[in-house]
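Please examine the sequence and the structure shown below.

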Amino acid sequence: MDHDNPLSLRQAKKLILEIIENGEVIYSRPHALERMRERGITMVDCINILRAGRMSEPVFENGSWRYRIETNAMAAVITFLSTTESLVITVIRL
């Protein structure tokens, strides 16, 4: 992935949908998995957030572009590791 330039929101949304169907969604260990457990958010919930949520402009943090995707009830922060893998960094119940 290009660390100098983020994907457009349209490109990022298309890529996350492709990764859900044909790639791998990875969960940050232990952080994302602990937050999911604490906040009662399942992996199915998380995939639904990624699939149906609204994506916010990316922020460059800790060496990668991070995208916040949110529904009315929950949000996830992700980064793309490659064109076939995304990493869920954290999840939030709104």
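In helix α2 (residues 31-39), the buried residues are Ala32, Leu33, Arg35 and Met36. They lie on the same side of α2, because the arc they cover around the axis is only 165°; this arc is taken from the directions that lead from the helix axis to the C-beta atoms. An α-helix has 3.6 residues a turn, so residues three or four places apart point the same way. Buried here means under 20% relative accessible area, exposed means over 50%, and partly exposed lies in between (1.4 Å probe, protein chains only). Helices (H or I, at least four residues) and strands (E, at least two) are DSSP runs, numbered from the N terminus.

The model is predicted: local features need pLDDT of at least 70, side-chain atom pairs count only at pLDDT 80 or more, and totals for chains, interfaces and linings use all residues. Residues are numbered from 1 along each chain as its sequence is written, and side-chain values use heavy atoms, with hydrogens and water left out.

Against what do the buried residues of α2 pack? Their partners are β1 (24-27), α3 (43-52) and β6 (85-93), where contact means heavy atoms within 4.5 Å. The face of α2 turned away from its buried side carries Arg37 and Glu38, which are exposed. After α2 comes glycine 40, with a positive phi near 65°.

The structure also holds 2 aromatic pairs. Rings of Phe, Tyr and Trp (its six-membered ring) pair if their centres lie within 6.5 Å; planes under 30 degrees apart count as stacked, over 60 as edge-to-face and the rest as tilted. Phenylalanine 60 and tryptophan 65 form an edge-to-face pair, because their ring planes stand at 65°, with the centres 5.1 Å apart. Phenylalanine 60 counts as partly exposed because its relative accessibility is 42%, whereas tryptophan 65, at 18%, counts as buried. Tyrosine 67 and phenylalanine 80 are likewise paired edge-to-face, at 5.4 Å centre to centre and 65° between the planes. Tyrosine 67 belongs to strand β4 (residues 64-70) and phenylalanine 80 to strand β5 (residues 74-80), so this pair ties together parts that are 13 residues apart in sequence.

Phenylalanine 80 leads on to the largest nonpolar core. Such a core is a set of buried Ala, Val, Leu, Ile, Met, Phe, Trp, Tyr and Cys residues joined through side-chain atoms within 4.5 Å. Of its 25 residues, Val25, Tyr27, Leu50, Ile78, Phe80 and Val88 touch the most other members. The elements giving two or more residues to this core are α1 (9-22), β1, α2, α3, β4, β5 and β6, and α1 gives the most, with 5 residues.
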